[in-house]
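Welcome, and please open the structure in your viewer. We will go from one selection to the next and look at what is there.

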Amino acid sequence: MRSPQDALYALVSDWPVNGGVHQQRAIDFCRAWLAGRMPAETVRQAVILAALEGGVTINDDDDGAEASALNPAV
C-alpha cells in the first residue's frame, strides 16, 4: 500500500478479517482523509490498529515499501 486509496482498497477488498471495529474505523478515516477532513497521522494510526486487529503484518522499516502505506503523503 502506497496511498490512502491503496489502504482503503485493501481494507475493503483484501482484508483477512471483516467486521472488526478497527477495520471499520480505518475505512472511515481513509475516506475522511481522501475528503480532506482527517490528518494523515490519525489515518496511519487507524490503519496500524486495524492491521493488529486483523493479524496483518506491518513492516515499517527503512526500505520505505511498507512505511509509505502507513505514512500517506499530505
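This is a predicted model: local features need pLDDT of at least 70, side-chain atom pairs count only at pLDDT 80 or more; totals for chains, interfaces and linings use all residues.

Is glutamine 23 buried or exposed? Its relative accessible area is 5%, so it counts as buried, the cut-off being under 20%. Glutamine 23 sits in helix α2. Leaving aside residues up to four places away in sequence, glutamine 23 touches Leu11, Trp15, Val17, Asn18, Ala50 and Glu53.

Next, select helix α1 (residues 4-14) together with helix α2 (residues 21-34). How do these two pack? Their axes lie 9 Å apart, at an angle of about 150°. Because angles over 145 degrees count as roughly antiparallel, α1 is roughly antiparallel to α2. The crossing of α1 past α2 is left-handed.

Now show the side chains where they meet. On the α1 side, pick Pro4, Gln5, Ala7, Leu8, Leu11 and Val12. On the α2 side, pick Gln23, Ala26, Ile27, Cys30, Arg31, Trp33 and Leu34. By class, this contact of α1 with α2 has ten nonpolar, two polar and one charged residues.

Move on to helix α3 (residues 40-54). Which residues of α3 are buried? Colour Ala40, Val43, Arg44, Ala46, Val47, Ile48, Ala50, Ala51 and Gly54 to see them.

For a last stop, click on glycine 55, which follows α3 and has a positive phi, near 70°.

Methods: Residues are numbered from 1 along each chain as its sequence is written. Side-chain values use heavy atoms; hydrogens and water are left out. Axes are lines fitted to C-alpha atoms, for helices over the stretch in contact, and angles run from 0 to 180 degrees between N-to-C directions. Helices (H or I, at least four residues) and strands (E, at least two) are DSSP runs, numbered from the N terminus. Angles under 35 degrees count as roughly parallel, over 145 as roughly antiparallel, 65 to 115 as roughly perpendicular and the rest as oblique. A crossing is left-handed if the near helix is turned anticlockwise from the far one by less than a right angle, and right-handed if clockwise. Contact means heavy atoms within 4.5 Å. Ala, Val, Leu, Ile, Met, Phe, Trp, Tyr, Cys and Pro count as nonpolar, Asp, Glu, Lys and Arg as charged, and the others, Gly among them, as polar. The expected span of a helix is 1.5 Å times one less than its number of residues. Buried means under 20% relative accessible area, exposed over 50%, partly exposed in between (1.4 Å probe, protein chains only).
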